[in-house]
Amino acid sequence: MTMNSTNFGLCARLIPQNYVNQGQNARKTIENEIRVFLEHRKLPSNGWDDSKIEFLLQELSIMDSNNFPGNVGAGEREGRVASALVAKRHFRLSHGIGRSGDITAIQPKAAGSSLLMTLTNSMVLDLIKMTGVKSATSCAVLPLATGMGLVMVLLTLRQQRPEAKYVIWPRIDQKSCFKSMITAGFIPVIIENVLNEDELTTDLAALERKIKELGCEAIACVMTTTSCFAPRVPDRLEEVAKLCKEQDIPHVVNNAYGIQSSKCMHLIQQASRIGRVDAFVQSTDKNFMVPVGGAVIAGFDKSFIDKVCENYPGRASATPSIDMFITLLSLGADGYEKLLKERKEVFSYLSEGLSKVAGQHSERLLKTKHNPISLAISLSHTSTYSSIVEDSRGTTQLGSMLFTRCVSGARVVAPGTTKVINGYEFPNWGSHSNEYPCAYMTAAGAIGMTKDDVDTFLKRLDKCLQKCNARTGNPVVDPELQEKEDPNKTKPVQETVVNR
């Protein structure tokens, strides 16, 4: 029942008028907030409660044809849903977003879903500006993870530069971004990083030489990275962007989890100001704590972002947009800014804690001050012993020990591991370099992590390191793992190693 003024008047015949007035005033308050939201299309300062969000979603779903009273669908795609539970999970918004020719096109049969998509994109653009990329002009939430989001951007560049064959890519050991170039039909040109103390960063001289060698017309784009695992640090975006502008080469930024970092966003803003950035792509789950499945494609030229959206074939799932719509309204601008502030505090807390634990085991926190999210500690002493050697499941022993103790996300990188991806060989896979000086473990101070999480992680890490502590000279194989892998396997004889 829609409670308009007429219906409220009818209610007054059944219950006292003053009670009806209270209910009518409460509804007007909600309607006024929705009106302001629709007028400005920006993230509300204060987050909304669940009932208000559900009210708006209900109003939007009523606008979709599958929810019209007496509607008869005569087509093959009419928003029919067999399970009531599934319909409830999606707030009866079952038409998805977009049309066959454009993922951002408005659907005649799905005005509510189309409105939700448009409002979500507007809120995300507002948030991108709020977090530092103030000159961004357009963005779209696509129902694709980051790697496929990069594919969409690269395919759009393929149409604009049909003669181009190569993508120049400063190396980052993450499969999705590398495979995106292969999937889009390009030849990756890998630029090895340079080591500056502990940090790995862009080899600008090598990148410039490669551009001259291949020729500008043969290059589809340069793909750089902001957010990455330490000891890799963000690429030198400003210098690369300036070079791309001078050479008239597109520049795509893999900003996978960079929205949560003011430093990453500042790099993108500055790069666009002094040089060229065609698009930057980021994950919804990593930056906004929603389920996996969405990516945000953003840029400074609306026509290019529109082209990316036009290249999406067919309609698409509205689920990532619904998740983002609910989450952003729930948090509000103030709530998200609070999360960003807390993340910075947790990052500093994690950095101090890791440094302390590492020192207790004759290791050290690697100096990667230009990486604002990921940290790494050396495993130089630990890797002297068998406890860091790869086990039968392809992971390091320390990494397995942490995982069995419910520590996820930490990555242990041991030297000597070679990975082959689509015929391309990566020596020392995981270290972003053919010859990084030591083994190490990374951990991220990412959005949503708490100081309690840090404390628990550090306690478990300390216990695991005790089992393979180089100072004892006795590499201890984790009995829990040994029992799981092979209960009949004889225990290795412990060796005494003289400390250096």
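The following legends describe close-up views of a predicted model.

View 1. Seven strands form an open sheet with mixed pairing, in the order β1-β9-β8-β7-β6-β2-β3. At its edges stand β1 (138-142) and β3 (187-191), each of which pairs on one side only. From one strand to the next, the twist averages 20°. Helix α5 (residues 111-130) packs on this sheet and touches β1, β8 and β9 (295-299). The direction of α5 makes about 125° with that of β1.

**View 2. Strand β6 and its parallel partners.** Strands β2 and β6 run parallel and are joined by 3 bridges. Within this pairing, valine 167 has cysteine 221 of β6 as its bridge partner. Strands β6 and β7 also run parallel, with 4 bridges joining them. Here valine 222 stands opposite histidine 251 in β7.

**View 3. The pairing of β7 with β8.** Strand β7 (residues 251-254) runs parallel to strand β8 (residues 279-283), and 3 bridges join the two. One of the residues involved is asparagine 254, whose bridge partner in β8 is valine 281.

**View 4. Helix α9 and its buried side.** In helix α9 (residues 237-247), the buried residues are Leu237, Val240, Ala241, Leu243 and Cys244. These residues cover an arc of only 160° around the axis, which puts them on the same side of α9. The spacing follows from helix geometry: an α-helix has 3.6 residues a turn, so residues three or four places apart point the same way. The cover over the buried residues of α9 includes α8 (204-214), β6 (219-225), β7 and α10 (262-274). On the face turned away from the buried side, α9 carries the exposed residues Lys245 and Glu246. Aspartate 248 follows the helix and has a positive phi, near 60°.

**View 5. The aromatic pair of tryptophan 169 and phenylalanine 426.** The structure holds 10 aromatic pairs. Tryptophan 169 lies in strand β2 (residues 166-170) and phenylalanine 426 in strand β13 (residues 424-426), so the pair ties together parts that are 257 residues apart in sequence. Tryptophan 169 counts as buried at 0% relative accessibility, and phenylalanine 426 counts as buried at 2%.

**View 6. The aromatic pair of phenylalanine 178 and tyrosine 424.** Phenylalanine 178 and tyrosine 424 form an edge-to-face pair, 5.3 Å centre to centre with 75° between the planes. This pair links distant parts of the chain, 246 residues apart: phenylalanine 178 belongs to helix α7 (residues 175-183) and tyrosine 424 to strand β13. Phenylalanine 178 is buried, with a relative accessible area of 0%, whereas tyrosine 424 is partly exposed at 25% relative accessibility. Ring pairs link Trp169, Phe178, Tyr424, Phe426 and Trp429 into a cluster.

**View 7. Charged side chains over aromatic rings.** Arginine 158 lies over the face of phenylalanine 186, at 4.2 Å from the ring centre. Lysine 451 lies over the face of tyrosine 349, at 5.3 Å from the ring centre.

How values were computed:
Residues numbered from 1 in each chain as written. Predicted model: local features only at pLDDT ≥ 70, side-chain atom pairs only at ≥ 80, totals over all residues. Heavy atoms only, no water. Pairing = 2+ DSSP bridges. Axes fitted to C-alpha atoms, helices over the stretch in contact; angles between N-to-C directions. Contact = heavy atoms within 4.5 Å. Phe/Tyr/Trp six-rings, centres within 6.5 Å; stacked < 30°, edge-to-face > 60°. Buried < 20%, exposed > 50% of the residue type's maximum accessible area, 1.4 Å probe, protein only. Lys NZ or Arg CZ within 6 Å of the ring centre and 35° of its normal. Arc of directions from axis to C-beta.
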